[in-house]
Amino acid sequence: MEKPGDLTPAQLARAVRVGDLPGLMAALAPTIGEFVERVTAPLRARVLELEKGGGIRYEGVWQAARSYSRGAWVTFDGGVFHCNADSTREKPGTGPAWTLAIKSGVR
């Protein structure tokens, strides 16, 4: 079967026969594969970046003397916080360096 780009308007207008399907699929597969590769590249890059962190890094109860980096998880004042900053000594809940992920219950 001809490549899709090589077909004339008359050939494109005719009905596809069952016997033409294997050739049509073989002709279309590389184009579809290239498209899927291109549009999923950013997602695959992001997944690789996320996997570099090694999963959740729980670093225990927050300590003022320590510096924390992006991706760290700590407990503080009964809640669980995620570090958003490249590096911080800021107390969780006092600024943009931390995001409250799990709120403590009523005491």
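The dialogue below reads a sheet, a surface patch and several salt bridges in a predicted model.

Q: What is the order of the strands in the open sheet, and what is the pairing?
A: Strands of a sheet pair through backbone hydrogen bonds, either parallel or antiparallel. Here the open sheet has 4 strands in the order E1-E2-E3-E4, and its pairing is mixed.

Q: Which strands stand at the edges?
A: The edges are taken by E1 (57–61) and E4 (98–102). Each has a single partner strand, so one side of each is left without a neighbour in the sheet.

Q: By how many degrees are neighbouring strands of this sheet turned against each other?
A: The average is 30 degrees, with direction ignored.

Q: In what sense do E2 and E3 run, and how many bridges join them?
A: Strand E2 (residues 72–76) and E3 run antiparallel and are joined by 4 bridges.

Q: Which residue takes a positive phi in the hairpin of E2 and E3?
A: That residue is Asp77, with phi near 50 degrees. The hairpin has 2 residues between its strands.

Q: In what sense do E3 and E4 pair?
A: Strand E3 (residues 79–83) pairs with E4 in the antiparallel sense, over 4 bridges. Val80 stands opposite Ile102 in E4, and Cys83 stands opposite Trp98 in E4.

Q: Is E3 mostly covered or mostly uncovered?
A: E3 is mostly covered, since 4 of its 5 residues are buried. The cut-off for buried is under 20% relative accessible area.

Q: Which residues form a nonpolar patch on the surface?
A: The patch consists of Ile32, Phe35, Val36 and Val39. Together they have about 350 Å² of accessible area. Ile32 is placed in helix H2 (residues 21–52).

Q: How many salt bridges does a search of the whole structure find?
A: The search finds 6 salt bridges. The criterion is a side-chain nitrogen of Lys or Arg within 4 Å of a carboxyl oxygen of Asp or Glu.

Q: Which residues are linked in a network of salt bridges?
A: Arg14, Arg17 and Asp20 are linked in this way. The closest N and O atoms are 3.6 Å apart for Arg14 and Asp20, and 3.5 Å apart for Arg17 and Asp20.

Q: Is Asp20 buried or exposed?
A: Asp20 counts as buried because its relative accessibility is 14%. Arg14, at 40%, counts as partly exposed. Arg17 is exposed, with a relative accessible area of 51%; the cut-off for exposed is over 50%.

Q: With which residue does Asp86 form a salt bridge?
A: The partner of Asp86 is Arg70, and their closest N and O atoms are 2.8 Å apart. This pair links distant parts of the chain, 16 residues apart. Asp86 lies in the loop between E3 and E4, and Arg70 in the loop between E1 and E2.

Q: What are the accessibility classes of Asp86 and Arg70?
A: Asp86 counts as exposed, at 61% relative accessibility. Arg70 has a relative accessible area of 46%, so Arg70 is partly exposed.

Key
Residues are numbered from 1 along each chain as its sequence is written. This is a predicted model: local features need pLDDT of at least 70, side-chain atom pairs count only at pLDDT 80 or more; totals for chains, interfaces and linings use all residues. Side-chain values use heavy atoms; hydrogens and water are left out. Two strands pair if DSSP finds at least two bridges between them. Axes are lines fitted to C-alpha atoms, for helices over the stretch in contact, and angles run from 0 to 180 degrees between N-to-C directions. Patches are made of residues with over 30% relative accessible area and no salt bridge: like charges are joined within 9 Å, nonpolar side chains (Val, Leu, Ile, Met, Phe, Trp, Tyr) within 5 Å. Accessible areas come from the Shrake-Rupley method with a 1.4 Å probe; for residues, only the protein chains shown count as cover. Buried means under 20% relative accessible area, exposed over 50%, partly exposed in between (1.4 Å probe, protein chains only).
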